[in-house]
Amino acid sequence: CQKSAMEYISECLSILDHTVYIGGHSKGGNLAMVAGMYAKSIDYFRIKKIYCNDGPGFREKELNSEEFAKIGKKLVCIMPNYSVVGVLLNKKCDPIVVKSTRKDVLSHALCTWCINDKELEIAPLSRFSKNIAKSMNEWINNYTDEERRYLTDTLFNALYDADIEDLYDIVNLKKIIGVIKSVKGMNNDAKKLFIDLIEYNLGYCIKNALN
């Protein structure tokens with residue numbers, strides 16, 4: 001999908017004769033950054049701003065690359081004060097934090113972000129999001145890329161089997177029970193990784209909430 005995003009931006013700029021803004025929400029925010037990072041020089045200078053709206057970042061390798069460094073001045077990161085997705089990995093970008101009407105994973109939905117007149121309502125990033133950011137990134141660093149890929153595939157297979165299609169399904173008790181059943185049916189290696197993910201991050205958040 002990152003390659004497709006790069007091709008899409010190149011195609012659009014080939015038929016447009018003015019500067020453009022590129023951006024996206026969630027994974028789309030990550031794709032917008034990638035499209036800017038690897039844009040041809042003639043295309044890059046026509047990109048005015050790159051918006052990443054609560055999208056995940058990159059591994060250290062990509063984060064410290066010349067490609068990422070070149071989009072720094074054009075990058076605008078926006079996330080809700082109870083962000084879960086936007087705090088994953090890193091973007092080297094001081095985010096604009098907007099108040100959300102939700103205090104859980106559903107704060108990811110743009111329709112929960114608060115606006116005063118024509119401007120975003122700014123709020124500090126919650127302790128919840130700060131803890132998620134630290135715990136998830138620490139946990140991720142304990143595993144190789146291959147192990148991360150394996151866990152991701154396993155997790156999304158479990159969500160697929162439970163018929164979970166979007167964030168709103170996460171709070172559906174019946175579907176969550178379906179995920180639990182799917183996890184029970186995993187092989188031992190997958191189950192160990194999944195349980196380690198839950199235990200590590202839950203333990204981290206509880207510990208820091210009490211401090």
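How do the residues of the lining of the second largest pocket divide into nonpolar, polar and charged? The close-ups below start there. This is a predicted model, where local features need pLDDT of at least 70, side-chain atom pairs count only at pLDDT 80 or more, and totals for chains, interfaces and linings use all residues. Residues are numbered from 1 along each chain as its sequence is written, and side-chain values use heavy atoms, with hydrogens and water left out.

**View 1. The lining of the second largest pocket has seven nonpolar, four polar and three charged residues.** Here Ala, Val, Leu, Ile, Met, Phe, Trp, Tyr, Cys and Pro count as nonpolar, Asp, Glu, Lys and Arg as charged, and the others, Gly among them, as polar. Of the 14 lining residues, Met 79, Gly 86, Val 87, Leu 89 and Asn 90 lie nearest the pocket's centre. Helix 6 (residues 127-140) gives the most to this lining, with four residues.

**View 2. Asp 54 sits in the loop between strand 2 (47-53) and helix 4 (60-63).** (Helices, H or I with at least four residues, and strands, E with at least two, are DSSP runs numbered from the N terminus.) Most residues other than glycine have a negative phi. Asp 54 has a positive one, near 55 degrees. Asp 54 counts as buried because its relative accessibility is 1% (buried means under 20% relative accessible area, exposed over 50%, partly exposed in between, with a 1.4 Å probe and protein chains only).

**View 3. Asp 117 lies in the loop between strand 5 (115-116) and strand 6 (119-120).** Asp 117 isn't a glycine, yet its phi is positive, about 60 degrees. With 75% relative accessibility, Asp 117 counts as exposed.

Definitions and conventions
On a 1 Å grid over the protein atoms alone, a cavity is a set of points where a 1.4 Å probe fits but cannot get out, and a pocket is an open set with protein on both sides within 12 Å along at least five of seven lines; lining residues have an atom within 4 Å of a point.
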